[in-house]
Amino acid sequence: MKRKLKTVAWNLAIAALAVVVAAPLVWMVGASLMPRGQAQIYPPPLWPSEPTADNYRELFSRLHMGRYVLNSAAVSLAITGSALLLNSMAGYAFAKLHFRGRDRLFRFLLAALVVPLQVGMLPLFLLLKQMGLINTYWAVILPSMATIYGIFMVRQYALSIPDSLLDAARIDGAGELRIFFTIVLPLVRPVLAALGIFVF
């Protein structure tokens, strides 16, 4: 009985917290459906007396919000797709391929993680300006196509792939690209799903 009361108390507390968190979101949706000026009265109503979609019509017709949403979606999808491909290739190379200076280069990349993003903003802007990419989609897409954090994530996950599996594929005559696309990519799907969410 005591355990049931404790469970009920916890559930009531969580429900109350959910209501507190959801209230501003519900009001925001309600305010977007209110006629002009109704959201400014005091006390503010939680829901409109006469819901209207005029605000949304104005948003998409006069302010061209549809174009902005389409732009954001296209850029986000391009960045996410290229980041997943390039980060997974680099992460696999750092995890399983042996080349001169591999560990030193990876340590250098990890050291660069501590450099704040703001430090590189001005040099990046000047570089993009010299390339003539300012005010283009490429100026947004190119700097985000691969990240140190993404490479690190994939590399750490790819370390769990058995070397014997890759060696067996090499013995069967598979090249590195075929090994990557047919063996490694399916195995690293979980980390790519998480990375895709972060990047998008």
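Biologist: Where does Arg102 lie, and what makes you call Arg102 buried?
Modeller: This is a predicted model, so everything here is computed from its atoms. Arg102 lies in helix H4, which runs over residues 102-112. Buried means under 20% relative accessible area, and Arg102 comes in at 15%, so the label is buried.

Biologist: Which residues does Arg102 touch, leaving out those up to four places away in sequence?
Modeller: Ala93, Phe94, Ala95, Lys96 and Leu97.

Biologist: Phe106 is in helix H4 as well. How do you know whether Phe106 is buried or exposed?
Modeller: Use the cut-off of 20% again. Phe106 has 7% relative accessibility, so it counts as buried. Neighbours within four places aside, Phe106 is in contact with Phe94, Phe152, Arg155 and Gln156.

Biologist: How far apart are Phe106 and Ile151, in sequence and in space?
Modeller: They are 45 residues apart in sequence, and their C-alpha atoms are 9.4 Å apart in space. Ile151 is one of the buried residues of H7, the helix that covers 148-158.

Biologist: What do the buried residues of H7 pack against?
Modeller: They pack against H3, H4 and helix H10, which spans 189-199.

Biologist: Now the loops. What makes His64 stand out in its backbone, and why is His64 called partly exposed?
Modeller: Most residues other than glycine have a negative phi. For His64, phi is near 55°, a positive value. His64 sits in the loop between helix H2 (54-61) and helix H3 (65-96).

Biologist: What is the volume of the largest pocket, and which residues are closest to its centre?
Modeller: The largest pocket holds about 630 Å³ of space. It is lined by 19 residues, and the closest to the centre are Leu117, Leu124, Pro143, Ser144 and Ala146.

Biologist: Which helix gives the most to that lining?
Modeller: H5, with four residues. Helix H5 (121-130) and helix H7 each supply at least two residues of the lining.

Biologist: What is the make-up of the lining by class?
Modeller: There are 16 nonpolar residues, three polar ones and no charged ones.

Biologist: Zooming out, how many helices and strands are there?
Modeller: The chain has 10 helices and zero strands.

Biologist: Why is the chain called more spread out than a compact globule?
Modeller: For 200 residues the globule rule gives 16 Å, and the radius of gyration is 25 Å, well over that, so the chain is more spread out than a compact globule. Its C-alpha trace spans about 75 × 65 × 35 Å along the principal axes.

Terms used
Residues numbered from 1 in each chain as written. Predicted model: local features only at pLDDT ≥ 70, side-chain atom pairs only at ≥ 80, totals over all residues. Heavy atoms only, no water. 1 Å grid on protein atoms, 1.4 Å probe; cavity = no way out; pocket = protein on both sides within 12 Å on 5 of 7 lines; lining within 4 Å. Points joined across faces, edges and corners; volume = space filled by probe spheres on them. Nonpolar A, V, L, I, M, F, W, Y, C, P; charged D, E, K, R; others polar. Rg over C-alpha atoms; globule rule 2.2 N^0.38 Å. Buried < 20%, exposed > 50% of the residue type's maximum accessible area, 1.4 Å probe, protein only. Contact = heavy atoms within 4.5 Å.
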